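Here is a friendly walk through one protein model, from its overall dimensions down to a few individual side chains. Please keep the viewer open as you read.

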Amino acid sequence: MTICIGVKANECIVFVADSATTLASVDNAGAPAVTRVYNHADKVFNLFRGQPVCAMTCGLGNFGTESIATIAKGIRQRLMSGETPISAENYTIESVIKFSFEVFLAKFSALDEKISKASSFEFFVGGYSHNNGGNEIWKFAFIQGNVVEPQCISGVDDCRIIWAGQPEACVRLVLGISSQTYEVLKSAGLDDTQASQLVHNLRQASEAPLLEPSMPVIDAIRLGEFLAQTTASFVRFLPGADTVGGDLDIATVTKYEGFRWIKRKHFYPRDLNGETDHVS
């Protein structure tokens, strides 16, 4: 499990993710059980080096023997090698995510059916297309065997906060409701239309206006960091394993500064690896 936060303002897109990756098995009763949590997974990626393009993931951490980070680096290598029709002079965020989707879909299709039907995976790509003035966020997903093809979830004229993974803290804090509110209303006797309308009304009355589209880049960064840290603290006090945790990786893209790491862990000491540019 994880928490992924995206903040899309006029001036930038910020992606924030924790570092927890959870290993699970099935207990004697057939229920999923957490066996181990590692706190050093990579979930934010510099997907097209030199361009204002960033990626983020949550859900399934490996496709077969390859981690998501390894697959994402392979996508970056292919985008920059010239072997695809996509180049720095003609790319769009749509073309980048569609290429990424095809790569992941081939690997997803090769998974054991038991794994694919029991797993979820979401992949986000955000940034600025070549010669395009506005930023956008796209997403695709594999949810319990079902394929959700790439779609734009926040266009150039839209600013918003997105989250994925374990969203309960963000749902409560930002929207002022619970992720279970709709089901509670249905169990109380409301039909689909009534429950949906009441949830809409509750959100209209309770949503916290944390995002200002014209906010400076540093404030968008701090907002994403705050929501991710709050989620990690929230999960830590819940019963069960700490499935959100570890260092936060934070990256931002702007039109002219491009991709920038704000916080980033490394698996190696930087002072012993001077030959590395530390941006991969």
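## Overall shape

For 280 residues, a compact globule would have a radius of gyration near 19 Å, and the protein agrees because its own value is 19 Å. That radius is taken over C-alpha atoms, and the globule rule is 2.2 Å times the number of residues to the power 0.38. This is a predicted model, in which local features need pLDDT of at least 70 and side-chain atom pairs count only at pLDDT 80 or more, while totals for chains, interfaces and linings use all residues. Residues are numbered from 1 along each chain as its sequence is written, and side-chain values use heavy atoms, with hydrogens and water left out.

The C-alpha trace spans about 60 × 50 × 35 Å along its principal axes. Seven helices and 14 strands make up the secondary structure count; these are DSSP runs numbered from the N terminus, with helices being H or I of at least four residues and strands E of at least two. Of the 280 residues, 43% are buried (under 20% relative accessible area, with exposed over 50% and partly exposed in between, using a 1.4 Å probe and protein chains only). Among contacts with a separation of 6 or more, 62% are between residues 24 or more positions apart, where contact means heavy atoms within 4.5 Å.

## Aromatic rings

The protein has 18 aromatic pairs. Rings of Phe, Tyr and Trp (its six-membered ring) pair if their centres lie within 6.5 Å; planes under 30 degrees apart count as stacked, over 60 as edge-to-face and the rest as tilted. The rings of F108 and F142 are stacked, because their centres are 4.3 Å apart and their planes are at 20°. F108 belongs to helix α2 (residues 93–109) and F142 to strand β10 (residues 135–143), so this pair ties together parts 34 residues apart in sequence. Both F108 and F142 are buried.

F142 also stacks with F121, since those centres are 5.9 Å apart and the planes are at 20°. Here the link runs from strand β9 (residues 120–128), which holds F121, to F142 in β10, 21 residues apart. F121 is buried too. One aromatic cluster is formed by F63, F101, F104, F108, F121, F123, F140 and F142.

## Two buried loop residues

Which loop holds S19? S19 sits between β2 (13–17) and β3 (21–26), and its relative accessible area of 0% makes it buried. Its contacts beyond four places in sequence include Y38, H40, G246 and D249.

Q166 lies in the loop between β12 (160–165) and α4 (168–175). At 17% relative accessibility, Q166 counts as buried. Beyond four places in sequence, Q166 is in contact with residues including M1, I3, T231 and V244.

The polar contacts of these two residues are listed here; such a contact is a pair of N or O atoms within 3.5 Å, where within protein one must be able to donate a hydrogen and the other to accept it, and residues adjacent in sequence count only if both atoms are side-chain atoms.

| Residue | Partner | Distance |
|---|---|---|
| S19 side chain | K265 side chain | 2.8 Å |
| Q166 side chain | T243 side chain | 2.8 Å |

## A capped helix

Helix α6 (residues 192–206) has 15 residues and reaches 21 Å from its first C-alpha to its last, close to the expected 21 Å. That expected span is 1.5 Å times one less than the number of residues. D191 caps the N-terminal end of α6, with a side-chain oxygen 3.1 Å from the backbone nitrogen of T193.
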